[in-house]
2 protein chains.
Amino acid sequence: MKLNKDMNILIVGLGLLGGSYAQSLKRQGYKVKAITRSRSSVDFALQKGWIDDGTTEVDPQMIGEADFVIIALYPNVFISWIKENQHLFKSGAVITDVTGVKECIVYEIQGFLRQDVEFIAAHPMAGREVCGVQNSDEAIFRGANYIVVPSEDNSEDAIELCEDLGWKLGFADVSKLSPARHDEMIAFLSQLTHCIAVSLMCANDTPGLERYTGDSFRDLTRIARINDEMWSELFLLNRETLLQEMDRFRTEFDRLYECIRDNKRDEMRDMMRLSTERRAYFDKKK
Amino acid sequence: MKLNKDMNILIVGLGLLGGSYAQSLKRQGYKVKAITRSRSSVDFALQKGWIDDGTTEVDPQMIGEADFVIIALYPNVFISWIKENQHLFKSGAVITDVTGVKECIVYEIQGFLRQDVEFIAAHPMAGREVCGVQNSDEAIFRGANYIVVPSEDNSEDAIELCEDLGWKLGFADVSKLSPARHDEMIAFLSQLTHCIAVSLMCANDTPGLERYTGDSFRDLTRIARINDEMWSELFLLNRETLLQEMDRFRTEFDRLYECIRDNKRDEMRDMMRLSTERRAYFDKKK
């Protein structure tokens with residue numbers, strides 16, 4: 001099953017990501033409606049022409065007509081929203097999300113969800129250090145990765161639809177991971193990096209430090225401007241896995257520390273060469 | 001004393017930085033010559049019109065005519081070069097550098113240098129993860145910081161000349177730090193960030209990881225592509241200070257680790273808010 005222009009697409013939550021989804025899908029001629037908390041977000045998206053219709057209420061008709069529901073809310077709010085409103089879904093509807101952790105939500109949702117609708121998880125690896133629909137920009141998907149995160153219970157149809165959404169949004173790569181593997185990857189690639197940036201920023205209160213900085217510090221701490229509500233929730237929802245990845249990083253950091261302390265230049269250079277070699281794989285696809 | 005167009009400027013070492021200095025100064029009409037190891041670097045710079053003349057030999061006449069000598073070599077090579085060739089310097093010449101550590105070189109050089117020439121240290125906080133004059137580009141100075149690092153022995157004239165060089169090269173800010181303070185700042189802002197990037201890159205050998213990455217990991221590890229010869233030398237030359245800064249970072253990293261482990265969400269959010277607030281100072285000046 002692929003996305004098609006007869007489908008009614010409903011986006012719940014017009015933030016940075018929800019808004020960027022709407023912008024991209026509407027530009028390509030899909031039918032897009034939205035439900036979100038604030039009136040100004042609805043107005044902004046309507047004025048930009050990113051949605052056909054929008055509301056701040058739980059509109060039974062809008063939900064009941066939707067074939068494909070994309071929920072772009074924070075994890076806890078998101079689960080409650082489905083719980084409270086699942087009786088309104090159209091039979092056969094497919095529901096997906098954008099949440100940064102999966103194991104703790106996928107099985108819970110699939111556990112309580114009506115049998116005639118299907119939840120298929122996905123994680124767009126795109127974002128900015130600012131939030132809100134006013135900062136939405138479908139350009140954030142360019143060169144970025146999209147991960148579909150099916151459980152054993154998902155149908156081929158829903159997986160295919162979700163993969164197709166990733167491609168249509170303009171992501172450079174669409175891949176598939178189990179919830180457990182996804183959470184491991186994200187703990188290392190995304191959560192750990194945010195932990196590092198925050199720790200680095202907290203570690204030094206020298207005034208005027210910014211006069212002496214180079215780009216390396218700027219790059220490492222771009223994400224130190226962090227949405228504390230969302231990220232503290234994400235960290236705690238993936239606690240065990242994140243702690244493991246933090247341990248893993250600290251082991252290597254301590255090894256480098258010892259190389260410096262004990263003047264082991266060869267071992268240090270080996271680490272640097274391995275690092276250089278591995279980093280080559282991570283250049284963004286153009 | 002300011003830079004002027006009658007001065008003979010000599011650049012020793014046409015790498016990424018030396019080449020970018022040459023490009024910028026020559027474009028502005030200064031007289032620039034260069035001594036460097038490889039013939040192809042001289043030819044490249046001549047062909048680009050970045051130097052008036054260049055050689056791969058230690059040319060006594062070229063050195064003897066230079067009023068301002070900018071040495072852009074790795075730290076150890078750099079000290080030997082001055083030792084071996086200082087008898088050739090013009091009386092009254094000012095010598096500066098681009099090296100990333102200062103305490104271990106400034107006093108040594110000022111200790112053995114002829115009394116009728118002056119060494120004034122400087123650190124351009126600009127670079128790229130590639131090297132060589134072929135990658136030179138004066139655009140790297142735009143928005144970047146330039147630090148002049150005088151000791152008690154430096155004259156006001158030499159300090160002013162060096163500051164003027166920073167401004168003329170197009171840096172966004174020119175500041176002044178003592179060698180000890182410089183090394184502390186750089187240990188935190190530059191060396192520690194490279195340690196983190198290398199450790200992060202070494203911590204996970206899962207194949208295909210790049211398919212799941214977002215920009216945060218890419219940004220944190222851009223500098224993980226690292227010149228192992230230069231950086232291992234810089235780390236060891238600033239060992240004690242760097243180890244202190246690594247400790248400082250680890251203290252905060254461990255605190256965040258405990259917040260996650262012990263479910264201390266409020267403390268975690270406090271760290272994130274402090275981080276967000278401090279990061280605002282580091283945006284690049286346009």
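Student: What follows H10(B)?
Tutor: In this predicted model, H10(B) is followed by B:Asn263, and the phi of B:Asn263 is positive, near 60°.

Student: And the helix itself, what should the 23 residues of H10 in chain B span?
Tutor: Helix H10 of chain B covers residues 239-261, so at 1.5 Å a residue it should span 33 Å. Its end C-alpha atoms are 32 Å apart, which agrees.

Student: Switching to chain A. How do helices H7 and H10 of chain A cross?
Tutor: The axes of H7(A), residues 179-202, and H10(A), residues 239-261, come within 9 Å and cross at roughly 65°. The crossing is right-handed.

Student: Which residues make that contact?
Tutor: From H7(A), they include A:Asp183, A:Glu184, A:Ala187, A:Phe188 and A:Gln191. H10(A) brings A:Thr241, A:Leu242, A:Glu245, A:Met246 and A:Phe249.

Student: How many of the residues are nonpolar, polar and charged?
Tutor: The contact of H7(A) with H10(A) has 8 nonpolar, 2 polar and 3 charged residues.

Student: Now the two chains. How many residues does the contact take from each?
Tutor: Chain A gives 88 residues and chain B gives 88 residues.

Student: What area is buried there?
Tutor: About 9300 Å² is buried between chain A and chain B, and carbon and sulfur atoms give 63% of that area.

Student: How many salt bridges go across the interface?
Tutor: The rule finds 12 salt bridges between chain A and chain B.

Student: Which side chain does B:Arg250 meet in a salt bridge?
Tutor: B:Arg250 pairs with A:Asp254, at 2.2 Å from N to O.

Note on methods:
Residues numbered from 1 in each chain as written. Chains lettered and ligands numbered in written order. Predicted model: local features only at pLDDT ≥ 70, side-chain atom pairs only at ≥ 80, totals over all residues. Heavy atoms only, no water. Helix = DSSP H or I, 4+ residues; strand = E, 2+ residues; numbered from the N terminus. Expected span 1.5 Å × (residues − 1). Axes fitted to C-alpha atoms, helices over the stretch in contact; angles between N-to-C directions. Left-handed = near helix turned anticlockwise from the far one by under 90°. Contact = heavy atoms within 4.5 Å. Nonpolar A, V, L, I, M, F, W, Y, C, P; charged D, E, K, R; others polar. Buried area = accessible area lost by both parts, 1.4 Å probe. Salt bridge = Lys/Arg side-chain N within 4 Å of Asp/Glu carboxyl O.
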